[in-house]
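Subject: Structure handover

Hello,

Here is the structure I said I would pass on. Please open it next to this email and follow along.

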Amino acid sequence: MTDQLLETFEGGVATLTFNRPAARNALTGEMQAALSEALPRLAADPKVRAVVVTGAGGAFCAGGDVKGFAAAAGSSGGGGGFNQEQRAQGLRASMEVCRWLHDMPKPTLAVIPGPAAGAGLSIALACDLRIATEDAKLTTAFSKVGLAGDYGGSYFLTQLVGAAKARELFFTADVITGAQALALGIVNKAVPAAELEAVAGDYARYLAGLPTVAIGYMKRNLNAAQHSTLSEVLDLEAPHMVRTMMTEDHKAASIAFVEKAKPVFHGR
């Protein structure tokens, strides 16, 4: 790992923290590489039952390094097609982190203590769930610097708020608060800043205590439902349901239900 992306693990919860507070945790190549390494590893680790992404110093992530963009724009470097193609391929590889957050077979949670902009907002949107402070500032930001957008923001925002509102938020790059984001359905919870750490910690532990195998299949069903027909989703649900019927978690929970006891899931 790098000191630009901190990783901790406790109680089944792996937490990744963007750690460039002086730059509002703007993304760097080093940070992106660390995130690209960490997410597949955490997805495959059976000890990890939930993944949290957050930011240090009162910010989530300000997106790309605009100062770096300005330096690149002022340079005399070549802009030929081959160079553009290489850059596009490199960016696409970096953007896989959003697919991992969206697709990994365990819940992912973005904890947003402050500004989330551009690619930073897109990374938060890629998570299954989001908690923000009521006064956190969220913006797509891209149109303000003449960019089209990346890291899946156009996909995730359209899924969350619908086509018309997503276009508005991308075109205008309006800044909305965490409370406004809650009203729009962009975040799942918006809390006072003083309560964020406790609420997010409780929620992450709750997610880690869910039946992990079932959650993984549930995510596959829900992700498919965004672009599949009813028949295609039914075709997925049937084998996934049968598979989860065979898990230790289901068998133990069924017994606990009959005994009117609280089930304890072990993720297997």
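Predicted model: local features only at pLDDT ≥ 70, side-chain atom pairs only at ≥ 80, totals over all residues.

The interior comes first. In soluble globular proteins, nonpolar side chains tend to be buried together. Here the largest nonpolar core has 46 residues. The members that touch the most other members are Phe-18, Phe-60, Ile-112, Ile-123, Leu-138 and Ile-186. Several elements give two or more residues to this core, among them the strands β2 (13–18), β3 (50–55) and β4 (108–112). Which element gives the most? It is α1, with seven residues. Apart from this core lies another one, of 16 residues, which includes Ala-50, Val-111, Val-191 and Tyr-203.

Next, helix α5. Eight of its eight residues are buried. They run from Ala-119 and Gly-120 through Leu-121, Ser-122, Ile-123, Ala-124 and Leu-125 to Ala-126. To see the surroundings of one of them, select Ile-123: leaving out residues up to four places away in sequence, Ile-123 touches Phe-18, Leu-27, Leu-35, Val-53, Cys-98, Leu-101 and Tyr-151.

How do α4 and α5 lie relative to each other, and at what angle do they cross? Their axes come within 8 Å and cross at roughly 25 degrees. Angles under 35 degrees count as roughly parallel, so α4 is roughly parallel to α5. On the α4 side, the contact involves Cys-98, Leu-101 and His-102; on the α5 side, Ser-122, Ile-123 and Ala-126. Sorted by class, this contact has four nonpolar residues, two polar residues and no charged ones.

Now the sheet. Three strands form an open sheet with mixed pairing, in the order β5-β7-β8. The edge strands, β5 (116–117) and β8 (176–177), each pair on one side only. Strand β7 (residues 137–139) pairs with β8 in the antiparallel sense, over two bridges. Leu-138 stands opposite Ile-176 in β8. Leu-138 was also named above, as one of the core residues that touch the most other members.

Last, Val-199, in helix α9 (residues 196–208). Is Val-199 buried or partly exposed? Val-199 counts as partly exposed because its relative accessibility is 24%, and buried means under 20%. Leaving out residues up to four places away in sequence, Val-199 touches Ile-131, Lys-189 and Val-191. Val-199 and Val-111 are 88 residues apart along the chain, and their C-alpha atoms are separated by 9.8 Å.

Regards

Notes:
Residues numbered from 1 in each chain as written. Heavy atoms only, no water. Core = buried A, V, L, I, M, F, W, Y, C linked by side-chain atoms within 4.5 Å. Buried < 20%, exposed > 50% of the residue type's maximum accessible area, 1.4 Å probe, protein only. Helix = DSSP H or I, 4+ residues; strand = E, 2+ residues; numbered from the N terminus. Contact = heavy atoms within 4.5 Å. Pairing = 2+ DSSP bridges. Axes fitted to C-alpha atoms, helices over the stretch in contact; angles between N-to-C directions. Parallel < 35°, antiparallel > 145°, perpendicular 65-115°, else oblique. Nonpolar A, V, L, I, M, F, W, Y, C, P; charged D, E, K, R; others polar.
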